[in-house]
Amino acid sequence: MTATDTRAYRLGEFHPFTSAGRQFVYLPAGAIFELDEAAARVLGRIARGEAPEDADGVVEELYGARVIVSGEAAREPSQSAPTDFPLQTLVINLTNQCNLSCQYCYEFGEDKVATPDGKPKFMDFATARASVDFLLDQSAGRRNIHITFFGGETLMNFPLLKQVVEYANERAGAQGRVIDYSLTTNATLLTPQIIEFLSANRIGVTVSMDGPKEMHDQLRVFANGRGSYDIIEPRVRALIRGHRTRPIAARVTLTSGVTDVLKIYRHLKHDLGFHEVGFAPVTTSPNRLYAINERGMDGVLEQFQALAGEYLEYALRGELHGFSNVSDTLAELCQGVNKSHPCGAGLGLLGVGPSGDIAPCHRFVDSDTHALGHISKGVDQAKRADFLSRGHIDSKYDCHTCWARPLCAGGCHHEAYVHYGDTGHPNLHYCDWIRQWTDTCLQIYGALSVRNPGFLEQFAERKAA
């Protein structure tokens, strides 16, 4: 039976949107189609309960793409989880110690999941070396792999970082492979020597920074309550000036007192000179004083959309804007992402703590509840299977009718655990927000595909985060 046989058609599952005067549909498989007049006319007739008039095979094309369906069509299947798990990224937590005392910290704050008592505070070289060997062994078939250094505060164990880079480069080079490096830091310990090393070894750097002084110093403080802005500001400027081999990014944690997205962005991007700035709401239980309420999140979305409009203006001129929340979503749209899980945690990405415990990602490092094994013995496949099974989109029934599920897949595992006590629970408190933001990015994609398609080519090979 073909699409041209006599049958009753109905609209399939898709999200329609309009951009640059054109009509588009976004499908649950992650595909985006622009509708021409004939296709739009067919969809209009079916929506009104009328039989479509096929012209030039339009009905058959729409049927083949599942924009229209017949009979009791099944829900579009989600991406199946892989049966093997070749690593691509290993997050090495060099230390679980930090020289700041940020009140919202997911490692040390009120909502922490880590259980570090009795475990090493700093990773030693034997554990780090075993971690590198583990990555190389478990990433068979991948020529390019990635190590992210994390903490605590990563640079508190900078001597070990240097040893790891030297050892990993030697091992990977002997196998004809390449390791890419990145790290996250609060920037308090940056020195000219460290900056020179990071630049010489092309290590990507993301600085955790929450905006200008009056915002940054609200929660990003030392143990004595003193703000950290005055310490890191000159170091950040030196980093951006001295690190010339990779773009330097800022990562902002938004809290109830820090939601002026536009002011934060302009300070970090234009005053300090970061190449990219990305924002994320604080991961916390809803009753914390620094949690952002629904009205606050609505205000964040309005400002995100304002920055997204700026991003589009820049992109139409072929210029880079630097709002990474848009860039990251465009990358996934360009790749046609259809996720089985929210991210690579437990799949192509694992975290290793100072003790050698293996976790689904860096946010679960040092948590006995979420440990997936030990670097000396490898991954406990039963524990990983349980984690992945609960996190799979097919286990999240609330997500099955959501058009944004190809990108979201229910949201962050760690956010789910902190908010609901279950890593596999969908982040229902963000659903409307995510749908509106995804629609905004789809409109940017549509406008660029019509008016400057060349700009989208840069995202073709960009790794989906």
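The expected span of a helix is taken as 1.5 Å times one less than its number of residues, with helices (H or I, at least four residues) and strands (E, at least two) being DSSP runs numbered from the N terminus. The model is a predicted one, where local features need pLDDT of at least 70, side-chain atom pairs count only at pLDDT 80 or more, and totals for chains, interfaces and linings use all residues. Residues are numbered from 1 along each chain as its sequence is written, and side-chain values use heavy atoms, leaving out hydrogens and water.

Helix α7 (residues 229–242) passes the length check: its 14 residues should span 20 Å at 1.5 Å a residue, and its end C-alpha atoms do sit 20 Å apart. Buried here (under 20% relative accessible area, with exposed being over 50% and partly exposed in between; 1.4 Å probe, protein chains only) are Tyr 229, Ile 232, Glu 233, Val 236, Leu 239 and Ile 240. Down the axis of α7, these buried residues fall within an arc of 135°, so they line one face of the helix; the arc is that of the directions from the helix axis to the C-beta atoms. On the other side, Asp 230 and Arg 241 of α7 are exposed. The cover over the buried residues of α7 includes α5 (192–200), β9 (203–208), α6 (213–219), β10 (248–254) and α8, contact meaning heavy atoms within 4.5 Å.

Helix α11 (residues 381–391) buries Arg 384, Phe 387, Leu 388 and Gly 391. Viewed down the axis of α11, they fall within an arc of 90°, so these too line one face of the helix. Covering them are, among others, β12 (349–352), β15 (378–379) and α13 (413–420).
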